[in-house]
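Student: Could you walk me through how to read a model of this kind, feature by feature?

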Number of protein chains: 2
Amino acid sequence: MLELRKDPVQKRWVIIASDRPVPQTEHRVSEEQRRGREHCPFCTGSEAQTPREVLRVPVAAGPEPEPWAVRVVPNRFPALVSEGKLKKSGVGMYDRMTGVGAHEVIIETPQHDVAFSELPVEQVEKVLWAYRSRTEELSRDPRIKYVLVFKNNGRVAGASLEHPHSQLIATPVVPRRVHEELSGAESYFTYKERCVYCDILSQELATRVRVCAESPHFALLTPFAARFPYEMVLLPKEHQADFAQTGVGQLADLARMLRDACRAMRSQLDDPPYNFMVHTAPVHHTARDYYHWHIEIIPRLSRIAGFEWGSGFYINPMPPEEAARRLAEAIAAGNP
Amino acid sequence: MLELRKDPVQKRWVIIASDRPVPQTEHRVSEEQRRGREHCPFCTGSEAQTPREVLRVPVAAGPEPEPWAVRVVPNRFPALVSEGKLKKSGVGMYDRMTGVGAHEVIIETPQHDVAFSELPVEQVEKVLWAYRSRTEELSRDPRIKYVLVFKNNGRVAGASLEHPHSQLIATPVVPRRVHEELSGAESYFTYKERCVYCDILSQELATRVRVCAESPHFALLTPFAARFPYEMVLLPKEHQADFAQTGVGQLADLARMLRDACRAMRSQLDDPPYNFMVHTAPVHHTARDYYHWHIEIIPRLSRIAGFEWGSGFYINPMPPEEAARRLAEAIAAGNP
């Protein structure tokens with residue numbers, strides 16, 4: 001059963017996906033339960049073990065599909081599926097809808113034992129190209145309101161397989177966190193007639209106290225109100241609402257900046273688990289003037305505890321200015 | 001340095017607390033780093049190791065302070081402190097204020113090696129009384145807008161000391177999650193002229209598919225749109241906006257229900273880490289008609305991954321109806 005349900009007070013949606021395995025209590029999971037390379041469905045030669053692929057990026061440009069560099073396949077335990085009609089209904093005072101959408105896995109490399117941050121920039125660019133291509137394709141489905149691309153790196157950050165991969169979920173509603181950003185950006189635009197992210201960029205690139213790295217098209221910053229130690233945000237310097245609008249030159253530049261950010265976490269923070277997620281404007285949304293796509297990057301150093309859950313109020317022991325200084329040093333050291 | 005900073009897009013506040021220790025990468029923390037009972041500052045005899053206590057609940061009623069049953073002390077690494085003026089200022093386009101408030105620890109028992117769920121109901125009642133008493137006291141400070149009581153049980157859930165304890169943070173702004181609940185509850189009230197939580201209670205107690213337990217004054221439910229497997233919510237059956245309004249008979253009843261909920265998680269889920277947090281109306285708020293206090297209880301079985309962070313959209317593999325059935329069975333078995 002796949003069903004979307006809405007909380008009547010907080011108005012957020014959850015996916016009740018009873019076909020997915022219920023997680024074991026984390027502190028009881030043993031090392032044996034991790035799947036090693038012998039049984040890895042993402043390695044070259046095991047292509048038949050995944051659901052049928054929806055995209056293949058070959059190593060060499062041209063019509064030859066072998067050898068592959070990046071593959072995109074449906075998730076084996078999807079949170080949402082593309083079959084079926086989008087049906088909304090009520091249960092007394094509650095609201096629900098059918099679990100229509102998509103849930104895909106981006107296999108980032110045929111190599112099993114390599115960190116994302118150690119991939120060549122050209123490989124990261126192919127991964128980003130796959131993100132963009134799938135986002136465009138799924139945006140054509142009229143039932144889809146949002147496409148979210150994200151990466152869970154390391155088991156603590158939610159990854160259940162070792163082989164480098166990221167994921168994509170296409171949803172029939174705009175997710176709450178994105179809605180909050182849209183509404184914050186819209187109210188700023190209404191007041192100032194300027195994009196809030198463009199203003200952040202211009203202040204940050206002038207003061208430079210929270211700049212980790214800068215490239216022709218992108219800036220990597222620590223947010224002024226960072227929730228977590230070493231949290232980063234990667235933004236295009238020119239206003240752009242959609243990740244899918246990125247041009248080819250921009251994508252190569254982005255690949256280097258994203259790789260550098262992940263590599264800096266690895267060297268500066270002793271290879272921590274981390275997440276990144278692409279925040280882009282919703283499909284067919286009118287937010288083009290005031291929304292500005294970006295990638296949030298969060299090393300998972302601290303646990304989320306009761307206070308954070310209960311309040312949405314975060315305690316960060318690391319001033320973002322200090323984090324930016326250290327990350328900038330690590331990035332400079334990695335690019336001599 | 002303690003400073004509150006506001007995110008200009010999402011409008012949430014974070015506390016930058018650079019005096020607190022930066023957490024180690026979780027997967028590198030070794031067992032030795034856990035402090036055992038020999039060095040525990042919360043045990044009887046080590047009272048001098050904590051900051052000066054702000055409340056002591058003695059074992060026996062009366063003027064005799066020894067032996068103590070529950071102590072409340074300031075946190076040694078406070079996220080907010082009571083000294084100083086509340087000062088708001090701007091930094092270019094950004095907003096910040098001084099980190100004024102309170103951060104206290106409720107030591108739930110003098111015993112080191114006992115689970116909260118195994119405490120006698122009378123002891124849990126004393127803990128709840130301490131919550132209520134501190135909430136009332138801190139609400140008198142005109143700088144305080146909110147008092148949040150929460151418990152992190154187990155290291156995965158954020159606890160850094162083994163000895164049973166909970167915490168309280170008093171903040172000079174209403175936290176974002178509470179603000180969301182207030183605004184959702186207010187819009188429902190504007191539309192229906194009824195409290196949304198009262199309506200949830202009446203539907204749930206009629207259909208009974210998500211009821212885990214019921215007592216004279218309280219109902220323990222799994223939410224219709226539960227974010228996590230076995231997530232629970234404990235609500236007073238009669239409309240009540242403030243936790244601090246609870247009467248003596250109600251508090252004893254609440255103690256049993258909360259203990260039973262924690263005990264059911266322990267038996268049903270193999271002693272998982274968990275959090276609970278008390279959501280009550282803000283201090284001096286006009287939400288009395290439409291807000292309804294409650295306790296959120298969340299076993300920490302699954303990790304929060306990139307999708308959840310990026311979207312605020314949760315995937316729950318356990319239908320709350322099935323979770324309620326299992327929890328109700330465990331609670332019934334524990335109360336023969």
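Tutor: We shall take the domains, a helix and a sheet in turn. This is a predicted model, in which local features need pLDDT of at least 70 and side-chain atom pairs count only at pLDDT 80 or more, while totals for chains, interfaces and linings use all residues. Residues are numbered from 1 along each chain as its sequence is written, and chains are lettered from A and ligands numbered from 1 in the order in which they are written.

Student: Into which domains is chain A divided?

Tutor: Domain bounds come from an automatic or database domain assignment. Here chain A has domain 1 (2–18 + 40–175) and domain 2 (177–334). Their contact, counted where C-beta atoms placed from the backbone lie within 7 Å, takes 30 residues from domain 1 of chain A and 25 residues from domain 2 of chain A. On the domain 1 side, the largest share, 10 residues, comes from α1(A).

Student: What span should helix α1 of chain A have?

Tutor: Helices (H or I, at least four residues) and strands (E, at least two) are DSSP runs, numbered from the N terminus, and the expected span of a helix is 1.5 Å times one less than its number of residues. For the 19 residues of α1 (residues 121–139) of chain A that gives 27 Å, which agrees with the 27 Å between its end C-alpha atoms.

Student: Which strands form the open sheet, and in what order?

Tutor: Strands pair if DSSP finds at least two bridges between them. The order is β5(A)-β6(A)-β1(A)-β2(A)-β15(B), with mixed pairing. Because β5 (88–91) of chain A and β15 (314–316) of chain B each have a single partner strand, they stand at the edges. Between β5(A) and β6(A), which run antiparallel, there are 4 bridges.

Conventions
Two residues are in contact if their C-beta atoms, placed from the backbone, lie within 7 Å.
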